[in-house]
Amino acid sequence: MWSLLVVVLCLAWADAKHVGCFTAEELGNNPIPTQFRNWVSLLQHQDCVQLVPFLENEQSSRPHTRRHHSHNCPNLKLQDMQTGELQKRSISPWTYHIDEDENRFPRQLAFARCSCKGCIDTITGRETTSLNSVEVFQRTMVFRRKTCPQNGGSVERFFFEKDYIDVPVACTCAFPRYSS
């Protein structure tokens, strides 16, 4: 009886070391283990995830531009105010870029980037520094891929840990912070 108990405990201990650790081969083409599939559908409904294919399509259809952000505050135009997207109609306009992290799921997220340091004056249509453009963040759940401790094997194994990150989703105007 004791020998059976010892065998069962040894098997349980061996399985416990393996729980949550996966090789790249075990994951295959899936970016995340099947145990997390319930979370995947929730993650896919987030705006910062759904925007990525549109941004990729937009980037592939326009000529190659610099990836680094430069201060490019647009003037407010009447046609943008009537038919443009929210990020163009705003007095704190923004653009989106794709943030990529190979050790995060989802690997790609759409991040907003303010186009102006100040905000656009509604009368002149030009930037004013009496207000500041600031990012608006949304707390977003992601999974981080981390390396499992080596247990004598030569194959690298990974586990996934739930994490929350602040994703910039828009920009808004705020009074400047003054230090006294």
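**Note on the disulfides and nonpolar cores**

1. C114 is buried, and C171 is buried as well. In this predicted model, the two residues form a disulfide with their sulfur atoms 2.1 Å apart, and the link is left-handed, with -110° about the S-S bond. Since C114 lies in strand β4 and C171 in strand β8 (residues 157–174), the pair ties together parts that are 57 residues apart in sequence.

2. C119 and C173 also form a disulfide, with 2.1 Å between their sulfur atoms, and because the torsion about the S-S bond is about -130°, this disulfide is left-handed. C119 lies in strand β5 and C173 in strand β8, so that parts 54 residues apart in sequence are tied together. C119 counts as buried at 1% relative accessibility, whereas C173 is partly exposed at 23%.

3. The disulfide between C73 and C116 has an S to S distance of 2.0 Å and is right-handed, with 80° about the S-S bond. It links distant parts of the chain, 43 residues apart, with C73 in the loop between α4 (47–61) and α5 (78–83) and C116 in the loop between β4 (108–114) and β5 (119–120).

4. The count of disulfides comes to four, and, with bonded cysteines counted along the chain, they follow the pattern 1-6, 2-4, 3-7, 5-8.

5. The largest nonpolar core has ten residues, including F22, L43, M141 and F160, and α3 (37–44) and β7 (132–147) each supply at least two residues of this core. Apart from it lies another core, of seven residues, among them L109, F111, V142 and I165.

6. A search of the whole structure finds zero aromatic pairs, while R145 lies over the face of F158, at 4.2 Å from the ring centre.

How values were computed:
Residues numbered from 1 in each chain as written. Predicted model: local features only at pLDDT ≥ 70, side-chain atom pairs only at ≥ 80, totals over all residues. Heavy atoms only, no water. Core = buried A, V, L, I, M, F, W, Y, C linked by side-chain atoms within 4.5 Å. Buried < 20%, exposed > 50% of the residue type's maximum accessible area, 1.4 Å probe, protein only. Helix = DSSP H or I, 4+ residues; strand = E, 2+ residues; numbered from the N terminus. Phe/Tyr/Trp six-rings, centres within 6.5 Å; stacked < 30°, edge-to-face > 60°. Lys NZ or Arg CZ within 6 Å of the ring centre and 35° of its normal. Disulfide = S-S within 2.5 Å.
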